[in-house]
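Here is a short report for a first look at this structure. It covers charges over rings, aromatic pairs and a hairpin.

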Amino acid sequence: LVGSDPVVSDPSPTCQSRQTKKILAQRRDKSSAVNTYCTSAVISLGQSFLHFSLRQVRLHYHRTMASFTTLPAMVIEALVPAARKRAGKEVAVIGAGAAGLAAGRELRREGHRVVVFERGNTVGGTWVYTPEVESPDLLGVDPNRTLVHSSVYESLRTNLPREVMGFLDYPFSVRPGCDGRRFPSHQEVAAYLADFAADFDLVRWIRLETEVVNVVQHPDGRWLVRSRRALLNRECTPPSAAVIEEVFDAVVVCNGHYTEPRLAVIP
């Protein structure tokens, strides 16, 4: 045919080679895209499964807390690398209330060696009730009064719902046979803090009935902590009570602010 392009019915080997390479390249691109999509799907599925599994383990633990009193300590010890344990510091925590227990747990989780000093005979801080708080001197103006660390009175209940009072990974759940109200009594809060200390293996690091009388920083940056056996009644505290001196790399003060009353001056 004149003036028309020739019809190629039998392409040359070179043309066939180029077409083959182009087809193979397109297949590789499609295969790569499919592999990428599948890999992303598998990773997403794995993350979702891991999140679901951890959530189920956490829920299962809190529902059967009494049967796993040593699980948190085992988990913490497994999560803290040996190198970080060796590099841990000696830390003193003053007070075994809510703040002191949380500080002790986090410091232990980070591999530090912790000693918690608690003036009372149990953990719980201001949530530990004592009948001495019901004395006639309710404002605490008598300088010769018996010192009471807590200001909790017998009929006190929380002014916050239990759902917002618990620690992030240790909810303030209702215990069987106990006060199940959303605004529970102070006994329920004290029991929750005692359970927290036991479940995270903090009890053995707490020195009960031990008060810190003085903290001084050394020139090298470390801290000298002086403590003695606690005598809660000021009139019975002998001036010659044995004082123990220890040196720590750091001190965390969690002693609260409810022992000494702060009274407004009204003219």
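## Charges over rings

The charged end of Arg162 lies over the ring of Phe172, 4.6 Å from its centre. Arg105 places its charged end over the ring of Phe200, 4.1 Å from its centre. A charge sits over a ring if NZ of Lys or CZ of Arg is within 6 Å of the ring centre and within 35 degrees of the ring normal.

This is a predicted model: local features need pLDDT of at least 70, side-chain atom pairs count only at pLDDT 80 or more, and totals for chains, interfaces and linings use all residues. Residues are numbered from 1 along each chain as its sequence is written, and side-chain values use heavy atoms, with hydrogens and water left out.

## Aromatic pairs

Rings of Phe, Tyr and Trp (its six-membered ring) pair if their centres lie within 6.5 Å; planes under 30 degrees apart count as stacked, over 60 as edge-to-face and the rest as tilted. The count comes to eight aromatic pairs. Phe117 and Phe248 have ring centres 6.1 Å apart and planes at 85 degrees, so this pair is edge-to-face. Phe117 is in strand β2 and Phe248 in strand β6, 131 residues apart. Helices (H or I, at least four residues) and strands (E, at least two) are DSSP runs, numbered from the N terminus.

Phe167, Tyr170, Phe172, Tyr192, Phe196 and Phe200 form one aromatic cluster.

Strands β4 (residues 210-217) and β5 (residues 223-229) run antiparallel, joined by seven bridges. Two strands pair if DSSP finds at least two bridges between them. Glu211 stands opposite Arg228 in β5. Five residues lie between the strands, and Gly221 takes a positive phi near 95 degrees.
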